[in-house]
Amino acid sequence: MKPFHIFNTLERRVQEFQPLNPSVVTYYSCGPTVYLPQHLGNMRAYVFVDTLRRALELNGYAVRHVMNITDVGHMTSDADAGEDKIEKTARAEGKTPREVADFYIAQFRRDCDRLNIRLPESPLLCRATDHIADMIALIEQIVARGYGYVTRSGVYFDVEKWRGQSRFGRLSRQSLDEQHAGQRLEHSSDKKSPHDFALWVLNQPHHLMQWESPWGRGYPGWHIECSAMSMRYLGETIDIHSGGLDHIPVHHENEIAQSESATGKPFVRYFVHNAFLVGMEGAKISKSAGRFPVLDDLIAAGINPLAFRLLCLGAKYRSELAFSLDAVRAAASNLDYFAEFARNLSDEDAEASADSPWTQEFDDRFVEALNNDLNTPQALAVALEMVGDAYRRNDRKIWKTLKKFDAVLGLDLEAMRKKREGKFPPEIAALQSERDAARAAKDFKRADELRTELEAKGYEVKDHRGGSTIMPRRGVA
């Protein structure tokens with residue numbers, strides 16, 4: 001079987017994944033800035049993070065996964081300009097920054113649970129404000145090695161000294177002149193270069209969140225938290241770091257610079273980046289664009305959140321994904337197809353000692369797809385094809401293989417199957433059995449009458465060779 005391969009942004013090519021330590025993969029993913037609800041574009045990124053982790057585990061790796069929660073220092077510009085996003089919300093809502101962060105963290109956790117996204121456990125799901133001491137210690141290292149300098153307005157990273165004469169970023173492969181150097185702090189005229197970024201901000205008396213430091217009272221810049229928390233929990237060199245494509249030119253370049261200048265060691269071995277969710281007009285879905293869709297919108301439209309997860313899996317993670325309600329509803333049809341199979345599977349087939357031998361080909365193809373740069377559209381197609389084959393063969397002994405697939409797809413089919421008794425009261429099961437017997441006896445008039453009766457009671461009926469399956473319509477208990 002082909003080993004796991006992934007596109008490494010550092011090398012601009014798909015590479016075989018080889019962790020530093022074969023027994024555990026160290027993985028850091030950029031998490032949410034908690035000042036507003038996470039929109040569906042954000043949630044696509046977290047579905048990707050969860051799927052990557054699951055695919056690594058399918059390949060036998062133990063994964064030590066860390067995700068940050070930014071609750072200070074992320075300005076309204078991704079550079080150093082503007083107002084702290086959380087403080088802006090706090091002032092608008094008349095709350096403390098901590099209250100704002102707590103509210104949106106709870107909302108983020110709820111939405112991840114709805115999408116069956118497995119978040120790291122505490123302390124590996126780590127808040128920036130809980131790690132100020134780690135950030136200060138790392139900044140001290142950077143200054144001691146000559147790559148940080150102190151001014152009246154803050155402690156800055158000397159980007160031009162780090163990059164040297166080439167001035168090109170290793171990850172973005174952009175020169176400093178190609179980056180957006182104009183978006184900088186208005187109070188930072190004392191920087192050596194407009195390209196330098198803030199490690200620690202000083203002399204901002206109106207900023208609500210501040211801490212004592214060796215350089216004076218202030219607060220961290222945005223980029224330093226990821227380096228500090230990654231090093232604390234994963235070590236100075238990690239296997240995988242993921243984030244959105246928009247992180248490449250600024251945030252992740254700055255992480256590399258500040259981390260490697262402090263330690264003298266490589267920071268990340270595989271950078272993996274996901275593409276955006278876009279509207280039908282092709283524009284990136286973002287908070288700055290104004291109105292943005294959130295998971296609650298799908299629920300209000302009567303759509304199972306897991307349909308959005310399937311929508312995400314239906315596109316390559318490095319490709320833009322166009323969002324529309326019609327697209328999510330189409331994904332919901334596939335979700336219903338899986339759910340219908342799980343709910344109607346007999347105990348005999350589910351508890352068989354082994355799946356039918358013909359499922360091995362699908363198992364091999366599923367893993368092959370995932371190991372080819374996390375090709376989830378192909379893996380999903382394999383899973384759907386296997387269920388279809390089970391119907392065509394009238395052989396449903398596929399449950400162990402399907403559950404293996406679901407360990408990556410994350411649809412929680414086992415839970416759907418366990419709910420089947422509640423979904424199908426005895427009288428409904430009796431009607432289905434009577435109808436199957438009528439069809440077998442070619443009494444199609446009676447079979448049609450029983451179909452009408454089942455539909456009147458709120459159940460959809462689908463026939464296949466050897467019997468039928470039923471599924472309650474939404475809202476039917």
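In this predicted model, the charged end of Lys161 is placed over the ring of Tyr147, at 5.3 Å from the ring centre. A further arrangement of this kind involves Lys95, whose charged end sits over the ring of Phe103 at 5.0 Å from its centre.

A pair of aromatic rings is described by the distance of the centres and the angle of the planes. Two of the pairs are set out below.

| Pair | Centre to centre | Angle between planes | Class |
|---|---|---|---|
| Phe4 and Phe17 | 6.5 Å | 85° | edge-to-face |
| Phe48 and Tyr317 | 4.9 Å | 15° | stacked |

Phe4 and Phe17 link distant parts of the chain, 13 residues apart: Phe4 belongs to the segment before strand 1 (5–8), and Phe17 to the loop between strand 2 (13–16) and strand 3 (24–29). Both residues are buried. Ring pairs join Phe4 and Phe17 with Tyr61 and Tyr270 in a cluster.

The stacked pair likewise connects distant parts of the chain, with 269 residues of separation: Phe48 lies in helix 1 (residues 40–58), while Tyr317 is found in the loop between helix 9 (305–313) and strand 13 (321–322). Phe48 and Tyr317 are buried.

Thr151 occupies the loop between strand 6 (148–150) and strand 7 (154–157). Its relative accessible area is 14%, under the 20% limit, so Thr151 counts as buried. The side chain of Thr151 reaches the backbone nitrogen of Ser153 at 3.2 Å. Apart from neighbours within four places in sequence, Thr151 is in contact with Tyr156, Asp190 and Leu202.

Notes. Residues are numbered from 1 along each chain as its sequence is written. This is a predicted model: local features need pLDDT of at least 70, side-chain atom pairs count only at pLDDT 80 or more; totals for chains, interfaces and linings use all residues. Side-chain values use heavy atoms; hydrogens and water are left out. Helices (H or I, at least four residues) and strands (E, at least two) are DSSP runs, numbered from the N terminus. Buried means under 20% relative accessible area, exposed over 50%, partly exposed in between (1.4 Å probe, protein chains only). A polar contact is a pair of N or O atoms within 3.5 Å; within protein, one must be able to donate a hydrogen and the other to accept it, and residues adjacent in sequence count only if both atoms are side-chain atoms. Contact means heavy atoms within 4.5 Å. Rings of Phe, Tyr and Trp (its six-membered ring) pair if their centres lie within 6.5 Å; planes under 30 degrees apart count as stacked, over 60 as edge-to-face and the rest as tilted. A charge sits over a ring if NZ of Lys or CZ of Arg is within 6 Å of the ring centre and within 35 degrees of the ring normal.
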